[in-house]
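User: Hi! I'm new to this one, could you walk me through it?
Analyst: Happy to. Let's look at it together.

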Amino acid sequence: SPAEIPHLPVLTGQRTQFTTCADVDKQVSAALSSGQSLYTLDVELLKQLRPDVILTQDICSVCAIDLPTVERVAAQISPSPQVVSLNPMSLNDVLAN
């Protein structure tokens with residue numbers, strides 16, 4: 001992580017544990033087939049932080065917490081933060097966002 005942010009809280013974590021590529025594939029497949037997210041979100045800490053904006057993405061549910069989960073949690077925060085979902089398909093899109 002960048003040197004400027006190590007003091008900031010980490011709100012997400014992974015549910016999968018790396019053992020072998022085949023085992024991770026099984027973990028991911030099992031979680032997705034049962035409708036589970038591959039990630040955890042510290043909802044209570046997020047509520048305590050009371051953000052104005054939450055940045056996320058919804059291109060890939062395997063890459064990050066899914067957008068509906070983020071939106072559901074954001075709706076529980078008062079005042080409700082703006083959820084901004086960035087969906088770049090190229091490096092130029094990343095820079096444009």
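User: Let's start with T16. Where does T16 lie?
Analyst: T16 lies in the loop between β1 and α1 (21-33). Helices here are DSSP runs of H or I with at least four residues, strands are runs of E with at least two, and both are numbered from the N terminus.

User: Is T16 buried or exposed?
Analyst: T16 counts as buried, because its relative accessibility is 14%. Buried means under 20% relative accessible area, exposed means over 50%, and partly exposed is in between, using a 1.4 Å probe and protein chains only.

User: And what is T16 in contact with?
Analyst: Leaving aside neighbours within four places in sequence, T16 is in contact with Q27, V28 and L38. A contact means heavy atoms within 4.5 Å.

User: Before we go on, what kind of model is this?
Analyst: This is a predicted model, where local features need pLDDT of at least 70 and side-chain atom pairs count only at pLDDT 80 or more, while totals for chains, interfaces and linings use all residues. Residues are numbered from 1 along each chain as its sequence is written, and side-chain values use heavy atoms, with hydrogens and water left out.

User: Good to know. How many helices and strands are there in the chain?
Analyst: The protein chain has 4 helices and 4 strands. Starting at the N terminus, the elements run β-α-β-α-β-α-β-α.

User: What does the C-alpha trace span?
Analyst: Along its principal axes, the C-alpha trace of the protein chain spans about 40 × 35 × 30 Å.

User: What share of the residues is buried?
Analyst: Of the 97 residues in the protein chain, 21% are buried. The chain exposes about 6,900 Å², and carbon and sulfur atoms supply 56% of that area. Accessible areas come from the Shrake-Rupley method with a 1.4 Å probe, and for residues only the protein chains shown count as cover.

User: Which residues lie nearest its centre?
Analyst: T12, L41, I54, L55 and I65 do, out of 14 lining residues, where lining means having an atom within 4 Å of a point. The elements giving two or more residues to this lining are β1 (12-14), β2 (39-41) and β3 (53-56). The largest share, 4 residues, comes from β3.

User: How does the lining of the largest pocket divide into nonpolar, polar and charged?
Analyst: It has 10 nonpolar residues, 4 polar and no charged. Ala, Val, Leu, Ile, Met, Phe, Trp, Tyr, Cys and Pro count as nonpolar, Asp, Glu, Lys and Arg as charged, and the others, Gly among them, as polar.

User: Which side chains meet in a salt bridge?
Analyst: Those of K47 and E44 do, at 3.9 Å from N to O. A salt bridge is a side-chain nitrogen of Lys or Arg within 4 Å of a carboxyl oxygen of Asp or Glu, and by this rule the count comes to 1. K47 and E44 are 3 residues apart in helix α2 (residues 43-49), so about one helical turn separates them.

User: What else does K47 contact?
Analyst: Leaving aside neighbours within four places in sequence, K47 is in contact with Q76 and I77. K47 counts as partly exposed, at 27% relative accessibility.

User: Last one: which peptide bond is cis?
Analyst: A cis peptide bond joins S78 and P79, with omega about -5°. P79 lies in the loop between α3 (67-75) and β4 (82-85). There is also R50, in the loop between α2 and β3, which has a positive phi of about 45° although R50 is not a glycine. Most residues other than glycine have a negative phi, and most peptide bonds are trans.

Conventions
1 Å grid on protein atoms, 1.4 Å probe; cavity = no way out; pocket = protein on both sides within 12 Å on 5 of 7 lines; lining within 4 Å.
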